[in-house]
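Reader: I have a structure to look at and would like to learn how to read it. Please take me through a few features, giving the general idea and then the case here.

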Amino acid sequence: MRAIVRNEALRQEQGGEVRRLRAQLERLQGRRLEAPVLPTHPAFTSLLPGGGLRPGAAYSLGRSASLLLALVSRPSQDGSWCAVIGMPELGAEAAESLGVDLGRLVLVPDPGPRWLAVTATIAEVAPVVAVRPPTKAADGEIARLAARLRDRGTVLLVQGPWPQSEATLDVGDPEWTGLGSGHGYLESRAVTVTSSSRRWPRARSERMLLPGPQGEVALVQAPVAELPVAPSVAPAPSALPSVVERPSTGSGTAILRDETPRTSGQPRPEPARPEQPRPEPARLEVREATFAQEEFDERLRTAMRVLEAVG
């Protein structure tokens with residue numbers, strides 16, 4: 001009983017310590033760890049901590065416009081305003097093909113040298129902000145921007161490295177389909193999206209279409225391994241040659257003879273197998289030795305003498 005009470009007290013003490021450390025971590029980060037996330041495309045659920053974009057967090061992305069647009073498409077469809085800063089080559093048609101609601105998209109192609117101030121200002125009103133930093137920012141400015149993001153609950157997507165990012169996503173191993181030998185059009189691209197986060201012990205990856213034939217994003221299912229089909233095994237040829245049964249001779253024996261003619265040195269051909277169903281082979285009684293006619297007659301006379309003696 002004392003051991004049970006002691007274990008229960010220890011469990012409560014440990015639970016209180018975990019809650020205290022959790023609250024302290026939330027105060028330092030300025031957000032609750034179990035706060036709801038902005039849902040994104042289901043293909044990215046396993047690649048993002050919490051299954052979506054966490055408000056107030058920053059994410060570091062590779063220089064893939066398709067990856068960026070695929071992440072902001074779902075929030076824009078759900079009614080969240082999205083802003084893209086410092087990407088003059090980003091096309092509205094490409095964004096729309098990947099599902100981005102253009103009515104909820106703000107483009108700032110050239111923010112100038114004060115790009116960080118522009119980003120902080122737009123983060124006041126847009127829940128999702130994507131930026132490509134043209135220059136490196138000072139640590140103090142990055143810390144002030146991070147505080148504003150946490151205060152407003154804004155998600156920051158950065159093309160390039162970013163300190164204290166929630167996760168880092170990049171694409172690799174591209175494989176295009178649709179283009180033949182000198183003809184055809186590019187239809188879809190399969191890539192491997194890799195995600196690393198400080199919340200995971202190791203990186204995660206998913207193979208997906210980015211984009212698909214219709215501009216959609218979809219996971220590439222792993223091919224199912226087909227079970228090997230056992231080859232049809234022909235029945236083993238009979239060890240006996242094709243035979244004919246001859247009538248019994250005076251010796252009372254049956255003679256087996258191969259009816260297939262062949263020349264000297266030629267291998268014995270396999271006998272032809274009858275069509276299914278196979279009939280039961282005829283049972284042949286074969287005497288293991290033959291007797292000469294004289295020996296047979298002698299034994300017959302001996303038997304007659306024995307019968308006479310017995311009477």
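Reader: Is Asp 173 buried or exposed?

Author: Buried means under 20% relative accessible area, exposed over 50%, and partly exposed in between, with a 1.4 Å probe and protein chains only. Asp 173 has a relative accessible area of 57%, so it is exposed. This is a predicted model, in which local features need pLDDT of at least 70, side-chain atom pairs count only at pLDDT 80 or more, and totals for chains, interfaces and linings use all residues. Residues are numbered from 1 along each chain as its sequence is written, and side-chain values use heavy atoms, with hydrogens and water left out.

Reader: Where does Asp 173 lie, and what is its phi?

Author: Helices (H or I, at least four residues) and strands (E, at least two) are DSSP runs, numbered from the N terminus. Asp 173 lies in strand β6. Most residues other than glycine have a negative phi, and most peptide bonds are trans. Asp 173 is a residue other than glycine, yet its phi is positive, near 55°. Gln 164 is not a glycine either and has a positive phi of about 55°. Gln 164 is in the loop between β5 and β6 and is exposed, at 66% relative accessible area.

Reader: Which residues does a cis peptide bond join?

Author: The cis bond joins Leu 210 and Pro 211, with omega about 5°. Pro 211 is in the loop between β8 (204–209) and β9 (218–219).

Reader: How many helices and strands does the chain have?

Author: The chain has six helices and nine strands. Of its 311 residues, 29% count as buried. For contacts, the rule is heavy atoms within 4.5 Å. Among contacts in the chain with a separation of 6 or more, 61% are between residues 24 or more positions apart.

Reader: Which residues of helix α4 are buried?

Author: In α4 (residues 115–122), the buried residues are Trp 115, Leu 116, Thr 119, Ala 120 and Ile 122. They line one face of the helix, because they fall within an arc of 165° seen down the axis of α4. That arc is taken from the directions from the helix axis to the C-beta atoms. The buried residues of α4 pack against β2 (82–85), β3 (105–108), β4 (128–131), α5 (139–152) and β5 (155–159).

Reader: What does Thr 119 touch?

Author: Leaving aside residues up to four places away in sequence, Thr 119 touches Ile 85, Val 129, Val 131, Leu 145 and Leu 156. Thr 119 is buried, at 1% relative accessible area.

Reader: At what angle do the axes of α4 and α5 cross?

Author: Axes are lines fitted to C-alpha atoms, for helices over the stretch in contact, and angles run from 0 to 180 degrees between N-to-C directions. The axes of α4 and α5 come within 10 Å and cross at roughly 10°. Angles under 35 degrees count as roughly parallel, over 145 as roughly antiparallel, 65 to 115 as roughly perpendicular and the rest as oblique. The two helices α4 and α5 are therefore roughly parallel to each other. Leu 116, Thr 119, Ala 120 and Thr 121 of α4 make the contact with Glu 141, Ile 142, Leu 145 and Arg 148 of α5.

Reader: Is Glu 166 buried or exposed?

Author: Glu 166 counts as buried, at 1% relative accessibility. Its place is in the loop between β5 and β6 (167–179).
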